[in-house]
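Here is a walk through selected parts of one structure, starting from a single side chain and moving on to helix packing.

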Amino acid sequence: MTPWINWLPTVNACLNSVATVLLLMAYQAIRARDEQKHRKLMLSALGVSGLFLLFYTIYHMEVGSVPFQGQGWIRTLYFLILIPHILLAAMQLPMIALAVYFAFKDQRSRHIKMVHWAYPVWLYVSVSGVLVYLMLYHLPVNG
């Protein structure tokens, strides 16, 4: 295994953190009716999340699954965060793709309806991804 592979979980957690900040800033921009700023921030979040997906895939193709070592209540908490994270992560890509498609086609009402679901899912997946990383790589084994 090449040494840089070991850095990818940390890089991915950083990318998820950046995506979270960009999503929150984009929400504020659209609330302020600054569509140009909103568009730039959302495309940036999309790019950062795309880079995350690329690095995540590379890492897990090389390393495989990384089991959680914690025991007791922390293990239960880990899986309570991880399971919805995985399910929603699988759902988010088509939702985001549709939201972007509707935005570029200037189908605002359809875009807004899709974003009503896609935005909170994307936000949850980004935040929970960082939590999963912290629990998987930085918690003591005994929690």
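Is histidine 38 buried or exposed? The model is a predicted one, and in it histidine 38 has a relative accessible area of 17%. Buried means under 20%, so histidine 38 is buried. This residue belongs to helix H2, which covers residues 35-63.

The surroundings of histidine 38 can be listed next. Setting aside neighbours within four places in sequence, histidine 38 is in contact with Ala26, Ala29 and Ile30. With alanine 26 there is a polar approach: a polar atom of the histidine 38 side chain lies 2.9 Å from the backbone oxygen of alanine 26.

A second topic is the packing of helix H1 (residues 8-31) on helix H4 (residues 108-138). Their axes are 9 Å apart, at an angle of about 150°. Angles over 145 degrees count as roughly antiparallel, and H1 and H4 are therefore roughly antiparallel to each other. The crossing of H1 and H4 is left-handed. On the H1 side the contact includes Pro9, Ala13, Asn16, Leu23 and Tyr27, and on the H4 side it includes Tyr119, Trp122, Ser126, Val130 and Tyr137. The residues of this contact of H1 with H4 divide into 13 nonpolar and 6 polar, with no charged ones.

Helix H4 also holds leucine 136. Not counting residues up to four places away in sequence, leucine 136 touches Val66, Pro67, Phe68 and Tyr78. For proline 67, 69 residues apart from leucine 136 along the chain, the separation between the two C-alpha atoms is 7.9 Å.

Definitions and conventions: Residues are numbered from 1 along each chain as its sequence is written. This is a predicted model: local features need pLDDT of at least 70, side-chain atom pairs count only at pLDDT 80 or more; totals for chains, interfaces and linings use all residues. Side-chain values use heavy atoms; hydrogens and water are left out. Helices (H or I, at least four residues) and strands (E, at least two) are DSSP runs, numbered from the N terminus. Buried means under 20% relative accessible area, exposed over 50%, partly exposed in between (1.4 Å probe, protein chains only). A polar contact is a pair of N or O atoms within 3.5 Å; within protein, one must be able to donate a hydrogen and the other to accept it, and residues adjacent in sequence count only if both atoms are side-chain atoms. Contact means heavy atoms within 4.5 Å. Axes are lines fitted to C-alpha atoms, for helices over the stretch in contact, and angles run from 0 to 180 degrees between N-to-C directions. Angles under 35 degrees count as roughly parallel, over 145 as roughly antiparallel, 65 to 115 as roughly perpendicular and the rest as oblique. A crossing is left-handed if the near helix is turned anticlockwise from the far one by less than a right angle, and right-handed if clockwise. Ala, Val, Leu, Ile, Met, Phe, Trp, Tyr, Cys and Pro count as nonpolar, Asp, Glu, Lys and Arg as charged, and the others, Gly among them, as polar.
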